[in-house]
Amino acid sequence: MPNPWTGTGNPYTKQEVVDRLKATLAKGEPIIAAGAGTGISAKFIEKGGADLIIIYNSGRFRMMGHGSTCGLMAYGDANAIAMEIGEYEVLPVVKEIPVICGVHATDPRRRMWHWLGRVKEMGFSGVNNFPTHTIVDGHFRGVLEETGMSVQKEFEMVGLATRMDLFSIVYVATPEEAIEMAKNGADAIIAHVGTTVGGSIGVTNAVVSWDHTVKVTQDIIDAAKSVNPNVFTLTHGGPINTPKDVEFILSKTSADGFVGASSLERMGVEDSLTTLTREFKKVTRG
């Protein structure tokens with residue numbers, strides 16, 4: 001059911017979001033979730049027919065003209081930024097599709113049960129684990145794991161969200177993480193294969209191959225489905241940038257859809273504003 005007080009729009013229950021996504025798949029369409037860092041982005045992403053809108057703190061940096069990786073750095077309170085974008089920009093203009101809140105689950109300053117209560121009260125229909133430490137690797141990942149900022153906190157947040165009747169759509173980078181997320185009740189699991197290529201601030205050298213992308217994506221899907229055959233599985237990142245790229249990865253894996261942040265919001269703005277400005281500059285005087 002829609003908002004019980006107004007009769008339209010957010011928030012939706014966990015089961016209601018699941019039912020909406022099942023209906024999308026039943027029509028033979030892929031699930032498309034989109035990141036939004038501003039109200040105008042969200043407004044027109046909804047108009048384009050996206051199934052979900054996800055609010056990340058990185059969206060604010062993207063729309064400032066910086067790389068999404070800023071969202072992993074100490075450039076602000078990630079939870080407060082996502083909440084602010086949702087409260088003041090996105091939730092007031094999105095009329096019907098579920099809006100998901102990015103949650104920095106490893107922030108030691110938050111009582112996570114309390115924070116998820118605020119997320120739910122604000123009218124978000126679910127949560128996403130961003131910023132996520134799943135995409136941090138090497139020595140620094142080991143440091144995070146040993147000093148109380150473990151990915152285990154993200155698993156626990158998803159388990160808590162499940163008990164609080166919040167839909168969860170989560171990033172993982174490995175099959176092992178997919179298994180743990182599924183065990184904690186994640187409704188949708190996103191195979192994150194790295195920072196998105198393309199545009200003015202996308203990666204160019206630090207990118208994985210298509211062969212790697214296909215293999216890792218399918219390995220993650222298989223792992224998640226081994227726990228919950230009904231879990232939704234989606235793709236994200238790396239070389240997956242354009243609609244043709246999404247068509248390719250969906251043809252090579254059993255993924256249900258795609259999550260686009262930079263590839264939808266940033267690339268759309270970069271392309272259209274540059275082209276439109278050039279058209280204005282071609283106008284002749286008198």
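Contact here means that heavy atoms lie within 4.5 Å, and helices (H or I, at least four residues) and strands (E, at least two) are DSSP runs numbered from the N terminus. The model is predicted, so local features need pLDDT of at least 70 and side-chain atom pairs count only at pLDDT 80 or more, while totals for chains, interfaces and linings use all residues. Residues are numbered from 1 along each chain as its sequence is written, and side-chain values use heavy atoms, with hydrogens and water left out.

**Exercise 1. Describe the contact of α5 with α7, giving its residues, its angle and its classes.**

Step one is to list the residues: M112, W113 and L116 in α5 meet M157, L160 and A161 in α7.

Step two is the geometry, for which axes are lines fitted to C-alpha atoms, for helices over the stretch in contact, and angles run from 0 to 180 degrees between N-to-C directions. The axes of α5 (residues 112–122) and α7 come within 10 Å and cross at roughly 50 degrees. That makes α5 oblique to α7, given that angles under 35 degrees count as roughly parallel, over 145 as roughly antiparallel, 65 to 115 as roughly perpendicular and the rest as oblique.

Step three is the hand: the crossing of α5 and α7 is right-handed, a crossing being right-handed if the near helix is turned clockwise from the far one by less than a right angle, and left-handed if anticlockwise.

The contact of α5 with α7 then has 6 nonpolar, no polar and no charged residues.

**Exercise 2. Work through the contact of α7 with α8, and then that of α9 with α10.**

For the helix pair α7 (residues 152–163) and α8 (residues 175–183), the axes come within 8 Å and cross at roughly 30 degrees. That makes α7 roughly parallel to α8, and the crossing is right-handed. On the α7 side E154, F155 and V158 take part, and they meet E177, E180 and M181 in α8. The residues of this contact divide into 3 nonpolar, no polar and 3 charged.

For α9 (residues 210–227) and α10 (residues 243–252), the axes come within 10 Å and cross at roughly 55 degrees. The two helices are therefore oblique to each other, and their crossing is right-handed. W210, T213, V214, T217 and Q218 in α9 meet D245, F248, I249 and K252 in α10. By class, this contact has 4 nonpolar, 3 polar and 2 charged residues.

**Exercise 3. State how the strands of the barrel are arranged, and which residues of β6 are buried.**

Begin with the whole sheet: a closed barrel of 8 strands runs β1-β2-β3-β4-β5-β6-β7-β8, with parallel pairing, where two strands pair if DSSP finds at least two bridges between them. Neighbouring strands of this sheet are turned by 25 degrees against each other on average, direction ignored.

Next take individual pairs. β1 (residues 31–35) and β2 run parallel and are joined by 3 bridges, with G35 standing opposite I54 in β2. Strand β3 (residues 99–102) pairs with β4 (residues 126–128) in the parallel sense over 3 bridges, and I100 stands opposite G126 in β4. Between β5 (residues 167–172) and β6, which run parallel, there are 4 bridges, and V170 has I189 in β6 as its bridge partner.

Then consider burial, where buried means under 20% relative accessible area, exposed over 50%, and partly exposed in between (1.4 Å probe, protein chains only). In a regular strand the side chains alternate between the two faces of the sheet. In β6 (residues 188–192), A188, I190 and H192 point one way and I189 and A191 the other way, and all are buried. In β2 (residues 52–55), L52 and I54 point one way and I53 and I55 the other way, and all are buried.

**Exercise 4. Where do P131, D137 and D165 lie, and what backbone or accessibility values belong to them?**

As background, most residues other than glycine have a negative phi, and most peptide bonds are trans.

P131 lies in the loop between β4 and α6, and the peptide bond from F130 to P131 is cis, with omega near 0 degrees.

D137 is placed in the loop between β4 and α6 (138–146) and is exposed, with a relative accessible area of 61%.

D165 is found in the loop between α7 and β5; its phi is near 65 degrees, a positive value in a residue other than glycine. At 33% relative accessibility, D165 counts as partly exposed.

Methods: Nonpolar A, V, L, I, M, F, W, Y, C, P; charged D, E, K, R; others polar.
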